[in-house]
Protein chains: 2
Amino acid sequence: MTPDLDPALAAIAGLLGKRLNRTTADRAVHGTSETHFKDALPDAVAYPETTAEVAGIALICARHHVPMVGWGIGSSLEGHALPVRGGISVDFSLMNKVLGVQPENMLAVVQPGVTREALNNALRATGLFFPVDPGANATLGGMASTRASGTTAVRYGTMRDNVRALEVVLADGRVIRTGTAAPKSSAGYDLTALFVGAEGTLGLITELTLKLQGQPDAISAAVCAFGDFAGAVDAVIATIQSGIPMARIEFVDEATARAFNLYSGASLPEKPHLMVEFHGSDSAVAEQAAAFGDIATEFGAEGFQWASRPEDRSALWSMRHKAFYATMALRPGATALVTDICVPIARLAEAVEETRNDIARASIPGPIVGHVGDGNFHCTLLIEPGNAAELAEAKALAARMNDRALRLGGTVTGEHGVGMGKMPYMRAEHGQGWDVMASIKRALDPENLMNPGKMVQIN
Amino acid sequence: MTPDLDPALAAIAGLLGKRLNRTTADRAVHGTSETHFKDALPDAVAYPETTAEVAGIALICARHHVPMVGWGIGSSLEGHALPVRGGISVDFSLMNKVLGVQPENMLAVVQPGVTREALNNALRATGLFFPVDPGANATLGGMASTRASGTTAVRYGTMRDNVRALEVVLADGRVIRTGTAAPKSSAGYDLTALFVGAEGTLGLITELTLKLQGQPDAISAAVCAFGDFAGAVDAVIATIQSGIPMARIEFVDEATARAFNLYSGASLPEKPHLMVEFHGSDSAVAEQAAAFGDIATEFGAEGFQWASRPEDRSALWSMRHKAFYATMALRPGATALVTDICVPIARLAEAVEETRNDIARASIPGPIVGHVGDGNFHCTLLIEPGNAAELAEAKALAARMNDRALRLGGTVTGEHGVGMGKMPYMRAEHGQGWDVMASIKRALDPENLMNPGKMVQIN
């Protein structure tokens, strides 16, 4: 059905007043992505404050056949929140409250607009923390919707593992709750897992119950350089296979080390590095660090720098978290195409090596970083905006990486999600499973109003 | 549509030959459950050997509108596999091969009829094991379909956390693969999580890729008694909240201790007990055991018996695994209604206490055991077969437990699944989420042929 925009906007304005914004400036903010995708502006931006308002927006949009697309903080790298068919951007920035913390159950209940840093600040006095750490200070609603992970997933899992329950507004305005506060359940289809990673195509998440972790008694972090990338990657594989419970194990290549030096004032040798962290009791951390040190040394690690003081660790991980911006700064004015493949750990070395060889032959730079303990790594391909030849070259490199991931038994996206960029690979990864996804989408959103044009192919 | 049974049976017999069994004896085996539910016989039992045969059965059943119900080993406690609308029992006992073990990726690929003990026997030489341990020697297909867990979930998670990928035959005979061998993915709806716990109502699982764990360097187990149940339960809550990474922490009440003495030749005092296990390095296990010992002693634990030798641990957990049969033997000839609530850890004490008070006032016995580290416990209500008054009393007790679980923020089934027994509580637990489950069911199985009458209400 054709969207009937004017009455929808009038009704939503009646619901939200000034919290429906139709200015070109605000539409432009919500029509732009962090990476190379073409702008696509919403017709208006809604700023709900309550679940009831989100449900009202959904009811109005359903009645008038208007698309609705959730917006967290815009840190997606795959153009998830671009309203490619127009409609309403539902911006959750005013739904940014930590609704409750239950230290006794190790749970927090939050609105979707809370960022991970805001949540961890709110938890500081409790001795607990929320572990999922994608680098960007993303919102928890956005992180759930893309099934985000990051540096700590090797130890604490991804959003799949750390969302206990959800409240969701469906395409027809119904509000449902999925999951309970209990640690496990066998009561029916796992709707929580269905909405986590659904990228707003099945519903809009309006509340999350999140699992928390106890702050470890001891934390120790280190960075070390390797003579060649193969030594670094092989050290990772051996470390994971040995069962050392790494809290973080991150790979950065020599180009990224250079970017860190320029952007964060580091003084790393321009070599491949591993950045690692250990969590546990004092003795456990010492044991883990020694075991890792032995393996790393065997594979050629040198120049270990240990960071046991909190401020040193902060500096280390802040540098890592800014990797995307540091890399972007290597080519001023550039935009990026960021790849995100993930392979079984035993295939990591060949996946990285083939990718490095591709990049070495390319005309555009593509520094590599990776959450390699999970078999996941990214290549940030830096391209000149508007340069069609460079974009085509970047897409060809990404396509080869994605094909490689599937050939090696992996996935085209470890943590960034499908968005716009991975749609062309869904059939190859899922086969007829992609049709099953479309069946589920049709069942829950028969008019295809929730983030249309993403995730599945309908119409 | 009315099932057109005869041509379906003829066609399946044409596909499987003697591996389609229509004898009354075999139908009776597949029409009976472990607990109090009424028998419901299939029209025939099919024994496929390959995924292609399962797909063939599904195609034939779809064409002739005949229900199909998966069968593992029949250890479900909620009547999951009872073909309440007749049709074909698809018995996976011939699909019992471990298809591959990838120690380097810590993965195993198995057919659905492999039991957890058979898998762990096959893994013995690798230094790896599959951790999910529901007690019964269930099949892995059945465990996935009920989202099983058991004694080790407190450390290693449930089937939700330990199934990496699946092959599934859909209601229309299509064969799909969900997930990949990579440790994580953000590529679309989490179909693996959707089929895990779907109890065969959305598809028949024909292959599972499972996550394995490294055998810990050291294992230590212990059992200790408490003067009263409250001390035992409070010790559990304090232990979990302290963050000690328990590998197992099991509660058994005084009636169960008595059952162990009678059935397994134990000589436990007839008091509440905790049975615990620690996994890790030598020093980590020693540290964890000491920390737990301090907490338990503070709450009145006495008579610690440590089991560090493998044969002593085996005896300890074998006794625990036989708890269901030991309890059944307390009332010879009885059948059982087994409850399965799970609550947030901080509400465990009141959940157990209210339940104990209910049981104390009842006319039927109801020993309590629990995977209490997860907030999950069971009450095995022993009733005389055919005694309507006792069945009604058991159902009333179970109803009060289920209401209690929901009031305390929990779930009516922590690990046994919905089956026949939890259908009356699905609306109360899920509200309109239950309608969403029905929408998904209709989308994937529009004729309602896969385990009809379970999970959702259709027709």
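User: How many residues of domain 1 of chain A are in contact with domain 2 of chain A, and how many of domain 2 take part?

Analyst: Please keep in mind that this is a predicted model. In it, 16 residues of domain 1 of chain A are in contact with 21 residues of domain 2 of chain A, where a contact requires C-beta atoms within 7 Å. The domain assignment places domain 1 at residues 5-93 and domain 2 at residues 98-214 of chain A, with domain 3 covering 218-407, and the C-alpha centres of domain 1 and domain 2 of chain A lie 22 Å apart.

User: Which elements supply the side of domain 1 of chain A that touches domain 2 of chain A, and which gives the most?

Analyst: Two or more residues each come from helix 3 (51-64) and strand 3 (68-71) of chain A, and helix 3 gives the most, with six residues. By class, this side of domain 1 of chain A has nine nonpolar, seven polar and no charged residues.

User: Why are the buried residues of helix 11 of chain A said to line one face of the helix?

Analyst: The buried residues of helix 11 of chain A are A:Ala284, A:Val285, A:Gln288, A:Ala289, A:Phe292 and A:Ala296. Seen down the axis of helix 11 of chain A, these buried residues fall within an arc of 125°, so they line one face of the helix. On the other side of helix 11 of chain A, A:Asp282, A:Ala290 and A:Glu298 are exposed, and that word is used for a residue with 12 or fewer other C-beta atoms within 10 Å.

User: What do the buried residues of helix 11 of chain A pack against?

Analyst: Within chain A they pack against strand 12 (218-226), helix 9 (229-242), strand 14 (273-280) and strand 15 (301-307), and from chain B they meet helix 11 (282-298).

User: How do you know that the span of helix 11 of chain A is close to the expected one?

Analyst: Helix 11 of chain A has 17 residues and reaches 24 Å from its first C-alpha to its last, which is close to the 24 Å expected at 1.5 Å a residue. Just after helix 11 of chain A, A:Gly300 takes a positive phi of about 95°.

User: What makes B:Leu397 buried, and what does B:Leu397 touch?

Analyst: B:Leu397, which is found in helix 15 (residues 388-407) of chain B, has 21 other C-beta atoms within 10 Å. The cut-off for buried is 20 or more, and B:Leu397 therefore counts as buried. Not counting residues up to four places away in sequence, B:Leu397 touches B:Asp358, B:Ile359, B:Ala362, B:Gly366 and B:Leu381.

User: Why is B:Asp26 called partly exposed?

Analyst: B:Asp26, whose place is in helix 2 (residues 24-29) of chain B, has 17 C-beta neighbours inside 10 Å. A residue is exposed at 12 or fewer and buried at 20 or more, so with its 17 neighbours B:Asp26 counts as partly exposed. Leaving aside its neighbours within four places in sequence, B:Asp26 is in contact with B:Asn21 and B:Val45.

User: And why does B:Val98 count as partly exposed?

Analyst: B:Val98, found in strand 5 (residues 98-102) of chain B, has 17 C-beta neighbours inside 10 Å and therefore counts as partly exposed. Beyond its neighbours within four places in sequence, B:Val98 is in contact with B:Ala108, B:Val110, B:Val114, B:Leu119 and B:Ala122.

User: How do you know that the two copies are related as by a two-fold rotation axis?

Analyst: Chain A can be laid on chain B with an RMSD of 0.0 Å by a turn of 180° and a shift of 0.0 Å along the axis, and the two copies are thus related as by a two-fold rotation axis. The same surface serves both copies, since 100% of the contact residues of chain A recur in chain B.

User: How many residues does each chain give to the contact, and which element has the largest share on the side of chain A?

Analyst: The contact takes 70 residues from chain A and 70 residues from chain B. On the side of chain A that touches chain B, the largest share, eight residues, comes from helix 17 of chain A, and the residues of this side divide into 27 nonpolar, 29 polar and 14 charged.

Key:
Residues numbered from 1 in each chain as written. Chains lettered and ligands numbered in written order. Predicted model: local features only at pLDDT ≥ 70, side-chain atom pairs only at ≥ 80, totals over all residues. Contact = placed C-beta atoms within 7 Å. Helix = DSSP H or I, 4+ residues; strand = E, 2+ residues; numbered from the N terminus. Nonpolar A, V, L, I, M, F, W, Y, C, P; charged D, E, K, R; others polar. Domains from an automatic or database assignment. Expected span 1.5 Å × (residues − 1). Arc of directions from axis to C-beta. Least-squares fit on C-alpha atoms with pLDDT ≥ 70 in both.
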